[in-house]
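Me: I have a structure open and want to talk it through. Can we go through it piece by piece?

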Amino acid sequence: MMSRLIVAITICLCLVSGCSKLEDPDAINNDAKIQVTTSRATLLSNASDTTLVIARVPADAGVVDVTFSTTNGKFIQSADKSVKQQTDSLSANYRYARVILRSDTSKGTVYITAESGTARNRTTITFN
Amino acid sequence: MPGWKFIIASVLLFICLRNSGQPVAPALATPVTVDLVKQTLTDIPFDKPFYFLGDATNAVGVQTIIFEIKRGRGSKGVYIPIGTSTVRGSQQFICLFLHGTLGIDFLLPDHEYTIRITSQNAAGANLPDYSFEYGLLITSKFGDHTKLDFGIGWAPSPNALFGYTSVNIYFTPINDETNLKEIQSLSRNLFLRTSLFMGISPILFSSDTKQPIKNKYGAGNFVFGIGIRSPFYGRYTPWFRGKVGQKLLQPMRISIGEFLYKQANANSVINADVNKHSPFVAITYDWNIATLLGPVGKIFSP
């Protein structure tokens, strides 16, 4: 009886046993990474034109801090070139953090970066 | 069938008793002291050879002692002879319990037996004052079902080498002094060698993963599975059958099981680690291996 029990437990263990698929950053698709977009592709370089900058993370990330930074212009929320916001809104499978970027008088391509933990992504707009 | 070493031991014992008149205790066997006057025995070990040893100084007239045993207590069962001992000049007597006397290797834990001891004088007449039946239950402690071990495991999926310690739970009590080589029964070998274990792995020596492995709990990762004690030692293995083999290979265990761990999320924006599991194999040693290492071993004593 006990011998059979031991064999049965061994078989059960073999059945439940198995490997989990390992975590592979290279297998993460773009949708699941941090994304940053702007509502406008160009701004007038008049120190008053603005655009909405949105960072998007997967809902699984929870409420996290996102640090926005720009090479030109300033964020209204901080009056500076960088600002930290939380992903405070949830929609579908994503959470969002928003800031508003105001242009300055410089012209050319402007890089806007969103960063959360070690994850980061960037987009560009043009000041005309 | 008795092991050949025990046959030789018995022959030597017989020769010693005949020639020297002094009883000689067999090596590795536990003495069970017989008091003919008080009609008592000391505790009998399970899964281990033993011999009856007594002093007939106060049992006047006793010349021969017949030892018999049966399973269970009370009137049921049939006595089977263990052996006959003759009182020598030193008034001492000794009788070895051999393999296979009851169709088993040794007395089993948590089983009842009755020992019948019949004392006779030189004329062969029974001496009731020094003859008795002694019912006994071979007792084990709860702790005999559990053994602690430590060792190194390898999980193929994360290619992780880790150290762990675990509690092994056996289906039968384990006597640390049992020499597994002397256990002939296949089923008894299975019980004495197979355990279920669960434990904690606080040390990760190496791994080959893109994302780091993290502790599932504060103390480490969780392991569980089945352990096979002494896979390289016993009557079935041809090597290291001596004392060194018993000391070094008997406390060894090959374990297979499941390694539960956490891994950093592949998505760096998600802080939460991900639960993972992988089968693993391991080589472990009982904690009492520490006794082999002398003073150094005390470091490892639980």
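**Strands, contact and cores**

Reply: Start with a strand pair: β11(B) and β13(B) run antiparallel and are joined by eight bridges. Keep in mind that this is a predicted model.

Me: Which residue stands opposite Leu196(B) in β13(B)?

Reply: Ile226(B) stands opposite Leu196(B) there.

Me: What about β10(B) and β11(B), how many bridges join them?

Reply: Nine bridges join β10(B), residues 160–170, to β11(B), and the two strands run antiparallel. Within that pair, Ser166(B) has Gly199(B) as its bridge partner.

Me: Next, Gly227(B). Where does Gly227(B) sit, and is Gly227(B) buried or exposed?

Reply: Gly227(B) lies in strand β13 of chain B. Gly227(B) counts as buried because 24 other C-beta atoms lie within 10 Å, and the cut-off for buried is 20 or more.

Me: What is Gly227(B) in contact with, neighbours within four places in sequence aside?

Reply: Asn168(B), Ser195(B), Phe197(B), Arg253(B) and Ser255(B).

Me: How far apart are Gly227(B) and Thr194(B)?

Reply: They are 33 residues apart in sequence, and 5.8 Å apart in space from C-alpha to C-alpha.

Me: Changing topic: the contact between the chains. How many residues does each chain put in?

Reply: Chain A puts in 27 residues and chain B 28 residues. On the chain B side, the elements that each supply at least two residues are α2 (186–193), β11 (194–206), β13 (221–229), β14 (252–263) and β15 (274–286).

Me: Which of those gives the largest share?

Reply: β15(B), with five residues.

Me: And by class, what is the side of chain B that touches chain A made of?

Reply: That side has 13 polar, 12 nonpolar and three charged residues.

Me: Now chain A itself. What is its secondary structure?

Reply: Chain A has one helix and 10 strands.

Me: What order do the strands take in its open sheet?

Reply: The open sheet has five strands in the order β2-β10-β9-β4-β6 of chain A, with mixed pairing. β2 (42–43) and β6 (82–86) of chain A are the edge strands, since each pairs on one side only.

Me: In what sense do β4 and β9 of chain A pair?

Reply: Strand β4 (residues 65–70) of chain A pairs with strand β9 (residues 108–116) of chain A in the antiparallel sense, over four bridges. Thr67(A) has Glu115(A) as its bridge partner in β9(A).

Me: How much of chain A counts as buried?

Reply: 24% of its 128 residues. As for contacts in chain A between residues at least 6 apart in sequence, 61% of them join residues at least 24 apart.

Me: Last topic, the cores. Which residues of the largest nonpolar core touch the most other members?

Reply: Tyr51(B), Phe52(B), Val62(B), Phe67(B) and Cys95(B), out of 26 residues in that core. In chain B, β3 (50–55), β4 (64–71), β6 (92–96) and β7 (112–120) each give two or more residues to this core.

Me: Take Phe67(B). Which residues is Phe67(B) in contact with, again leaving aside neighbours within four places in sequence?

Reply: Phe52(B), Ile82(B), Gly83(B), Ser85(B), Cys95(B), Ile115(B) and Ile117(B).

Me: What does the second, separate core include?

Reply: That core has 20 residues, among them Leu43(A), Val53(A), Val66(A) and Phe127(A).

How values were computed
Residues are numbered from 1 along each chain as its sequence is written. Chains are lettered from A and ligands numbered from 1 in the order in which they are written. This is a predicted model: local features need pLDDT of at least 70, side-chain atom pairs count only at pLDDT 80 or more; totals for chains, interfaces and linings use all residues. Two residues are in contact if their C-beta atoms, placed from the backbone, lie within 7 Å. Ala, Val, Leu, Ile, Met, Phe, Trp, Tyr, Cys and Pro count as nonpolar, Asp, Glu, Lys and Arg as charged, and the others, Gly among them, as polar. A residue is buried if 20 or more other C-beta atoms lie within 10 Å of its own, exposed if 12 or fewer, and partly exposed in between; C-beta atoms are placed from the backbone. Two strands pair if DSSP finds at least two bridges between them. A nonpolar core is a set of buried Ala, Val, Leu, Ile, Met, Phe, Trp, Tyr and Cys residues joined through C-beta atoms within 7 Å.
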